[in-house]
Amino acid sequence: MSAVQVSTTVNGDAIDFVCQPTETLLDVLRNRLGLIGSKEGCGTGDCGACSVTVDGQLVCSCLVLGAEAEGRKIGTVEGLADGDKLHPLQKQFIDNAALQCGVCTPGFLVAAKALLDRNPNPTEQEIRYALAGNLCRCTGYDKIVRAVNAAARDVRKQQARKKR
Amino acid sequence: MAHDTSYTDQDFKIVGSRPPRPDGIDKVTGRARYGADVSAPGQLVGRVLRSPHAHAKIRKIDTSRAQKLKGVKAVITSKDLPDLTEGNRGNYDILENCMAREHALYDGHAVAAVAAVDEQTARKALKLIKVDYKVLPHVTDVDAAMQDDAPVVQPHIQHDGKPSNICNVSQFGHGDVEAGFAQADVIVEKTYKTEQTHQGYIEPHACLASVGPDGQGELWVTTQGHFTVRNLCASLLGMDIAKLKVTSSEIGGGFGGKTHIWTEPLALALSRKANLPVKLVMSREDVFKGSGPTCSTSMDIKIGAKKDGTVTAASATLRYHAGPHPGPWGMLGGMTAWACYDFENVQSIAYDVLVNRPKVAAYRAPSAPMAAFGVESTMDLVAEAIGMDPVDFRIKNAAKEGTRASYGPTYGPIGIGPTLEAVKNHPHMRARLGKNQGRGMACGFWFNFGGQTCTDLNIGVDGSVNLTVGTVDVGGARASMSLIAAEELGIPYDQVKCNVGDTASLGHNDTTEGSRGTFSSGMATIFAARNAIEEMKARAAKTWEIDIEDIEWRDGAAHAMGMQHSNLAPLSLAEIAGASPGTGGPIAGHNEVVADGAGVSFASHICDVEVDPETGATRVIRYTVVQDAGKAIHPDYVEGQFQGGAAQGIGWALNEEYVYGEDGCLQNPSFLDYRIPVCSDLPFIDTEILEIPNPNHPYGIRGVGETSIVPPLAAIGNAVSSAVGVRLDHTPMSPPRVLKAIKEKQAGG
Amino acid sequence: MPRVGLSGQHREAADGAASLDIEASTIRELLAILVQRYPRMQRHLDEGLAVSINGEIYRDNRDMVIPETAEVFLLPRIQGG
Ligand code: FES
Ligand code: FES
């Protein structure tokens with residue numbers, strides 16, 4: 001099998017890489033681009049630890065081929081912070097102790113950001129359903145839901161400030 | 001050196017606060033490095049070939065074609081792991097579990113492994129390995145395995161003078177149960193079953209091994225105990241302990257499942273053979289089939305009581321499966337079963353039974369949740385039979401200071417009574433229930449323990465402090481350790497940086513298991529800090545040219561005491577540290593301790609469920625955890641442990657199970673088919689931390705991580721049974737089982 | 001002299017005794033005397049023993065002092081998650 005060349009955008013930066021046609025986007029991110037923030041918990045689309053966005057759509061990167069990134073915009077956990085300024089979700093996850101081991105955290109942050117991008121004022125139920133594709137075994141989700149709720153408040157405040 | 005470890009009721013300045021954790025930024029930005037997140041130049045990909053049979057004799061393994069495949073650098077079988085265990089049966093069992101020898105003992109048992117230049121080649125190579133199996137009869141069910149005619153898993157194990165799967169029988173208790181039952185007005189006797197579950201940590205086992213021909217090696221691994229990994233791997237591979245450096249990565253969950261070794265010796269052996277680094281990451285299927293889940297059980301529970309609520313006798317017969325090698329699991333069930341209560345006549349008999357399933361490992365408070373399911377369900381049945389409120393019935397019989405525990409010793413100050421009182425007074429107990437809803441509560445117990453621990457504390461010339469601990473941080477421990485060091489030294493929290501040291505930089509530390517991390521490293525940290533304070537006082541004495549006896553350490557500074565020294569301004573930690581090059585060199589504190597006396601812990605949980613009578617599906621609608629934590633160092637992470645344990649218990653109670661086919665093969669080795677609770681399955685989990693100080697720890701710390709998984713199976717069982725009006729006696733209480741129970745009740749009128 | 005309680009398997013190894021009077025001031029001494037008196041105890045010692053003194057379980061600390069009037073109980077070494 002011959003390798004394919006792919007031109008894509010990752011967290012706003014134009015990137016070219018070469019990969020095998022069978023290689024997943026998750027493997028490309030981790031092994032070729034050194035972006036180890038996305039984790040492999042299952043490799044079969046069941047845990048969400050590998051969550052990234054492709055053109056703003058939340059996907060499991062273990063189910064996407066690297067070659068499919070051609071011409072798309074990929075967003076990973078590494079792109080959440082703005083320089084040294086943490087995204088409100090990142091800050092609230094720390095402040096609310098929403099992580100214990102933290103291996104699920106990158107996936108939750110990416111999934112929660114996808115939620116807040118489309119709905120900055122979610123109910124508890126909406127948060128729970130939006131995050132139902134991400135498994136966490138340590139926290140029982142309690143503090144995660146609270147952190148997302150608090151971050152949503154921060155995001156709304158930011159947006160209100162921008163409008164003014 | 002012996003230290004006084006007794007509890008002193010001090011006023012804390014920062015212990016008990018909730019500062020952000022030191023590894024927080026790394027973990028929310030994706031920088032933290034877990035087991036699979038490091039690479040070495042020239043590294044190979046390791047992969048393991050696993051048995052497709054539940055039980056088989058391995059006649060021959062032909063690896064020649066795999067070896068010839070381009071890109072394959074090493075292929076190993078048990079021949080590459082010769083038996084160096086010198087009659088140590090425990091170590092031999094570990095060796096045999098890591099790589100099958102003459103027999104494959106369960107579906108998923110490792111039989112060979114390869115290292116190749118990339119994943120594709122490694123996979124291809126596995127397909128080229130030909131294993132000649134003679135399939136043998138198998139047994140996966142614990143009750144079936146105890147039958148006389150059951151296939152024998154390990155012929156060297158004998159019971160009653162003949163080969164048997166019963167590898168251990170333990171008995172605990174006191175009094176005369178027969179006489180006790182004779183005095184009872186009501187006797188309830190019932191049989192229960194619980195199915196096997198997995199810890200379900202999200203991060204699969206992963207390691208990066210590098211061994212050279214000179215016998216020196218390094219291992220990067222996700223584990224709860226890198227010192228244990230080092231000792232075991234070195235001894236199985238014939239390496240010197242000092243020449244194998246093991247570094248524990250960030251760990252993506254363990255819950256007991258990462259207290260053993262699995263593929264680590266294989267990665268090391270592959271690396272040694274190829275003379276190149278080898279990275280070996282388990283797939284999720286490998287994790288389900290080839291790591292260490294918990295046991296399935298079957299139990300007979302019998303309780304007799306007087307009408308006034310006094311229990312006159314209680315007995316339990318417990319059957320726990322251990323996998324293909326003996327383990328202590330049934331015994332632990334026997335020890336914990338009745339530990340919440342003060343019964344005059346009590347007994348438990350526990351059987352450990354071999355089956356063709358993966359080796360069992362600890363899962364939080366190992367073995368206690370299953371026994372609690374049987375015991376606490378029966379407690380409710382007895383309460384109902386004598387017409388007493390289930391909480392009052394438990395309060396009447398609860399163990400207290402001075403009670404002789406069913407497993408032998410007499411309790412000191414304990415928290416079961418207070419957790420029950422807290423439950424009784426909790427608003428949750430008075431909330432109204434709707435249609436198809438039910439409420440249940442249950443109690444749980446775990447021992448907790450300490451063990452060998454070793455801590456270093458180094459003070460930088462700028463007064464910042466490096467704390468190195470040897471217990472792995474499984475969920476926020478570095479924050480707690482930093483709090484303790486800062487408290488002792490009298491400096492701000494963010495002046496302390498806590499690291500987990502590798503095996504080359506610290507003395508031996510036992511595995512982080514049994515809730516020991518905060519208890520024992522906390523103890524070693526306190527003494528290491530006090531050790532450093534003594535040194536700083538000595539430096540201040542030198543500087544001031546006064547007696548060290550005249551110096552007191554307070555608020556992060558040395559103070560000269562007495563009128564004659566009133567002209568001496570205090571010397572802060574930073575000042576002493578800054579002057580240290582000229583006063584005797586670097587300042588450090590150490591402590592090596594066997595931290596024993598971790599203090600038992602109790603919890604009581606309340607749970608409301610709603611059951612859909614059409615489908616049998618159960619939803620947990622409200623959940624409350626009340627637990628004695630001893631002193632809570634960082635309450636956020638104590639709550640987190642309570643909530644996490646409860647959520648795991650909910651999954652165990654309602655849905656999770658290993659499903660084996662007729663062929664003895666696991667049918668659901670994926671997150672999709674095993675299905676742990678997701679965010680939308682659960683409500684918020686309320687917590688109430690009781691702080692009953694542990695008399696054997698200077699800060700009163702007890703372990704907190706284990707007990708929270710003990711009551712949920714029974715609490716949910718009691719809630720579901722009350723919602724549907726029929727007793728559920730088999731976990732998981734999945735929709736088909738609940739529906740069947742409802743149907744049977746309807747049929748029976 | 002401390003009285004040492006035994007359960008299940010340990011009882012068997014001690015010829016069925018439910019408790020023993022053993023003159024020992026530390027856990028180390030206690031275990032040494034036990035094995036001396038009951039060689040079958042060695043197996044349990046190898047597999048792992050813990051000693052509870054006044055309700056607190058000691059798994060490793062063999063130097064632990066046993067107070068004169070203490071309640072002592074022999075337990076299997078336990079492990080956790
Ligand atoms: S690794 Fe992609 S969903 Fe689990
Ligand atoms: S914090 Fe460990 S899996 Fe979520």
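Predicted model: local features only at pLDDT ≥ 70, side-chain atom pairs only at ≥ 80, totals over all residues.

Residues are numbered from 1 along each chain as its sequence is written, chains are lettered from A and ligands numbered from 1 in the order in which they are written, and side-chain values use heavy atoms, with hydrogens and water left out.

First, who touches whom. Contact here means heavy atoms within 4.5 Å. Two pairs of chains touch, and chains A and B make the most contacts. Chain A and chain C have no contact; their closest C-alpha atoms are 14 Å apart.

Now chains A and B. The contact involves 44 residues of chain A and 53 residues of chain B. The size of an interface is often given as the accessible area lost when the parts come together. Here the buried area (accessible area, 1.4 Å probe, lost on being put together and summed over both parts) is about 3,900 Å², with 59% from carbon and sulfur atoms. On the chain A side, Q100(A), R128(A) and R137(A) lose the most area to chain B, together 21% of what that side buries.

There are four salt bridges across this interface, a salt bridge being a side-chain nitrogen of Lys or Arg within 4 Å of a carboxyl oxygen of Asp or Glu. One salt bridge joins R30(A) and D37(B), with the closest N and O atoms 2.6 Å apart.

What about chains B and C? Chain B gives 42 residues to the contact and chain C gives 23 residues. They bury about 2,300 Å² between them, 54% of it on carbon and sulfur atoms. The number of salt bridges between chain B and chain C is zero.

Last, the hairpin in chain B. Strands (DSSP E runs of at least two residues, numbered from the N terminus) β22(B) and β23(B), residues 557-560 for the latter, pair antiparallel over four bridges; pairing requires at least two DSSP bridges. R554(B) has A557(B) as its bridge partner. Two residues lie between the strands, and D555(B) has a positive phi near 50°.

Note on methods: Buried area = accessible area lost by both parts, 1.4 Å probe.
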